[in-house]
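Me: I would like to learn how to read a chain interface and a helix packing. Can we go through them one at a time?

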Amino acid sequence: MFLIVEARFLAPDVKLLRVQAPLIARKRKAGQFVILRVHDHGERIPLTIADSDPVAGTITIVVQGVGKTTKMLNLKSAGDSICDVVGPLGLPSHVEKFGTVVVIGGGLGTAIAYPTAKAFRQADNHVISIIGGRNRQFVILEEEVRAISNELFVTTDDGSYAEKGFVTDQLAALIAAGRKLDLVLAIGPIPMMRAVAEVTRPHGIKTVVSLNPIMVDGTGMCGGCRVIVGGKPQFACVDGPEFDAHQVDFQILIQRNAMYRDMERKALDQLLQPPAPAVSAGKDAQCPDGDPCRFVEKVPELAGVWKTGA
Amino acid sequence: MHNPIPPKERMKIHRQLMPEQPPLERARNFVEVNRGLDVALAQEEARRCLTCKTQHCFSACPVGVQVRDFIDLVVAGDYLGAAAKIREDNVLPAVTGRVCPQEKQCEGSCILSARGESVAIGYLERFVADYERSVGKVGLPARAPLTGKKVAVVGSGPAGLSCAGDLVLKGHDVTVLEALHEIGGVLVYGIPEFRLPKQIVRDEVENLRLMGVEFRTNVVVGRTVTVDELLGEEGYHAVFVATGAGLPMFLNIPGEHLCGVYSANEFLTRVNLMKANEFPAYDNPIYDCRGKDVAVFGAGNTAMDAVRTSLRLGAKCASIVYRRSEKEMPARAEEVHHAKDEGVQFQMLTNPLEFLGDEKGWLTGVRLQRMELGAPDKSGRRSPVAIEGSEHVLPIHVAIIAIGNKGNPLVQSTTPDLATTRNGYIVADAEKLKTSKPGVFAGGDIVTGGATVILAMGAGRKAAKAIHEYLQSGIW
Ligand SMILES: Cc1cc2nc3c(=O)[nH]c(=O)nc-3n(C[C@H](O)[C@H](O)[C@H](O)COP(=O)(O)OP(=O)(O)OC[C@H]3O[C@@H](n4cnc5c(N)ncnc54)[C@H](O)[C@@H]3O)c2cc1C
Ligand SMILES: Cc1cc2nc3c(=O)[nH]c(=O)nc-3n(C[C@H](O)[C@H](O)[C@H](O)COP(=O)(O)OP(=O)(O)OC[C@H]3O[C@@H](n4cnc5c(N)ncnc54)[C@H](O)[C@@H]3O)c2cc1C
Ligand code: SF4
Ligand code: SF4
Ligand code: FES
């Protein structure tokens, strides 16, 4: 069991969890991830290690509740625990002094890009960060990113905060302004990463993306995480998760990630369904007396879904 | 010897049949196919043994189980004694009794096999191990006084488990480090419940725990901790690497990325380790095979397990597609026979060329080509050659690739002074299982490539012996 020592929402349904995992905290490098299982009937899901504290023996993960497992994880509070956490997995980000590096984080991608941005800065790069979200609420870790960036641009799709537009608009503007960019790292939704790749491709700017295929073991044993890079299959859990954006077949990744959509929907619907026992996330996260209030209180934006029983 | 029947009379008794679930019923459930012999059947079978002086059965068992002597104890009705006799050489009898390729080993060399009906040694081994379990009297051997030496065993498959068991008995302090969240290696994530109930593996692991072995799950050696750190700051005096062959090979033909194309490792892991067959009670999903057509490529034990698992998930039509002929199939005879009874189709001498998909990226079929056996090559094997104009399309929804594994590279790639072969396996000498790195031993599939449970166990035991010697003498 892995104890959660801190848990707080950063945005609606985006939660930061600090977890006791001393062996992983000691070893982890920027760009690596863990695989965890919330409870003993749970699936194994990969999550990036956003930060770690080797002295306190903790790792930080930032979780976006998109389906059953991540929503159950977001029900957890400090003092609860997670059944299994294994890592650090994957290859660390390739960090050296490149010169000027643009780090782009879309939505939750900001949390995944943050540790690598920090490492770029520590390696003496000039770090330009561009972070964005659908609206103001989804811009996360702004202060943390600002602290490690030489320049920071913030965008929202709807203009509810900072610059209106997409992160790619800012990137295109930098290129148009004639800035010499040595490396671009883009992490976020697949369409965003694909768009970034298309912006940099004509200019021959080296671009790296972090891929998020469906994983099981995370040790190279199952081959489920295979992605097509440069026309060849690669196992993202051991050969990645970072790859050359200009070589990645994003279409195949999108298709493969949709493989279990119907079942995932079903699992989530069941989770959101009263009565309360269905929302249990293991013994220690059980709603007291089957009272669903705690669930609604913790995941406020689901209150609506709950009432309509969707 | 206890057998009251004169040898001539023994030869008249026919081999007992294993009671099994009816084929069409079992093809839809995950309960074990073989029900096991009862006492009467076991007695009858045991009495067939000729108690030979030259024990071919013993010589053909990779770990040297004293077959004749344990069978004699069965005849005498001393089932616990028989179990203890097996345990002298084999720490996982309930497992090997079920999964050893007996027809190529002990039974294949039994003197009676000349007449086509060898003694059912596997059934008897399973019988006494199950008996021992059912009465709850597993004869755990006593532990030697503690030596204060620490050994790390990397990987909890049969090689790791048997090595850990032997070393702990010698009084060493043994920790097994396993990457997954469950202990057992292929025994828990690969071989299905209907062939090897997971409770058996859990019980064996519990026995080892009682003997003093410490198990740590969720530790990936090479990532969470390296071999050098184990030997350095972690304070281990020796390391046994038993990480198995866990890197799936693909066919490298077009369309392998389509949704619905699985490696056998993924397909079986989703069901065995993650219980996807019980979705949504368990969270891990698997392709809904109900009413679908499934093809499995390959013809080893893994292929048989995958194809039979797909039937149990509801597949309408499940086929084995294999480029050689039936004779060359590497699977255990019993598995092929069971698969046929359950309705699996066998397409021999057939080679896949390309997977076909729809515009959304889902598998719809596979283009196949018929083969014929050509002239024998240098090794004497007749290799298959394509028949011109034999291309055809088989419509399928799920394809499972079971053509073998390569060595899992995580340990090798993070331990620079560990010599490996061209195929990525670890180099270790055959007797002492020593690697190129002092203090590090290796055995099982990570050295031999995909082999068998009993060979992995044998390697684990050999390694334990060599590690014990090394710890005592300090001489590498
Ligand atoms: C290397 C890597 C790092 C990641 N880092 C983070 C992170 O830091 N924070 C974060 O919130 N998310 C991260 N993800 C994505 C996260 O793993 C998925 O959102 C999560 O698995 C969804 O599970 P679910 O049951 O909640 O949702 P589901 O309803 O099961 O799935 C929603 C979508 O998530 C994806 N998914 C489902 N199961 C898996 C699985 N076992 N492995 C991978 N993807 C899956 C599929 O595309 C699916 O359509 C990362 C993914 C990878 C591969
Ligand atoms: C589906 C299937 C069916 C089979 N059927 C039969 C059969 O009927 N009869 C038979 O005799 N044989 C059978 N085999 C073969 C047999 O299972 C193997 O030969 C045997 O399990 C090898 O044992 P092992 O201990 O070397 O490795 P494994 O059983 O592969 O165990 C290795 C363990 O090491 C762990 N590991 C890997 N890397 C690391 C790391 N870096 N750090 C920590 N842990 C790690 C793995 O997670 C795994 O648990 C079958 C194999 C498969 C896949
Ligand atoms: S361990 Fe395997 S080969 Fe040896 S006697 Fe038992 S079943 Fe036969
Ligand atoms: S070879 Fe066959 S008959 Fe002879 S002792 Fe062994 S099992 Fe018995
Ligand atoms: S997740 Fe299984 S091989 Fe990558």
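**Interface and helix packing**

Reply: In this predicted model, 47 residues of chain A are in contact with 46 residues of chain B.

Me: How much area do chain A and chain B bury between them?

Reply: About 3,900 Å² is buried between chain A and chain B, with 58% of it on carbon and sulfur atoms.

Me: How many salt bridges and polar contacts are there between chain A and chain B?

Reply: The count of salt bridges between the two chains is 3. One of them joins Lys27(A) to Glu229(B), with the closest N and O atoms 2.5 Å apart.

Me: Which elements give two or more residues to the side of chain A that touches chain B?

Reply: Among them are helix H1 (22-27), strand S8 (84-89) and helix H9 (261-272) of chain A. S8(A) gives the largest share, 6 residues. By class, this side of chain A has 22 nonpolar, 13 polar and 12 charged residues.

Me: What describes two packed helices?

Reply: The angle between their axes and the distance between the axes. Here, take helix H10 (residues 158-169) and helix H19 (residues 453-473), both of chain B: their axes come within 7 Å and cross at roughly 35°. The crossing of H10(B) and H19(B) is right-handed.

Me: Which residues make the contact of H10(B) with H19(B)?

Reply: From H10(B) they include Pro158(B), Ser162(B) and Asp166(B), and from H19(B) they include Met457(B), Gly460(B) and Ile467(B). The contact has 10 nonpolar, 3 polar and 2 charged residues.

Terms used. Residues are numbered from 1 along each chain as its sequence is written. Chains are lettered from A and ligands numbered from 1 in the order in which they are written. This is a predicted model: local features need pLDDT of at least 70, side-chain atom pairs count only at pLDDT 80 or more; totals for chains, interfaces and linings use all residues. Side-chain values use heavy atoms; hydrogens and water are left out. Axes are lines fitted to C-alpha atoms, for helices over the stretch in contact, and angles run from 0 to 180 degrees between N-to-C directions. Helices (H or I, at least four residues) and strands (E, at least two) are DSSP runs, numbered from the N terminus. A crossing is left-handed if the near helix is turned anticlockwise from the far one by less than a right angle, and right-handed if clockwise. Contact means heavy atoms within 4.5 Å. Ala, Val, Leu, Ile, Met, Phe, Trp, Tyr, Cys and Pro count as nonpolar, Asp, Glu, Lys and Arg as charged, and the others, Gly among them, as polar. Buried area is the accessible area (1.4 Å probe) that two parts lose on being put together, summed over both. A salt bridge is a side-chain nitrogen of Lys or Arg within 4 Å of a carboxyl oxygen of Asp or Glu.
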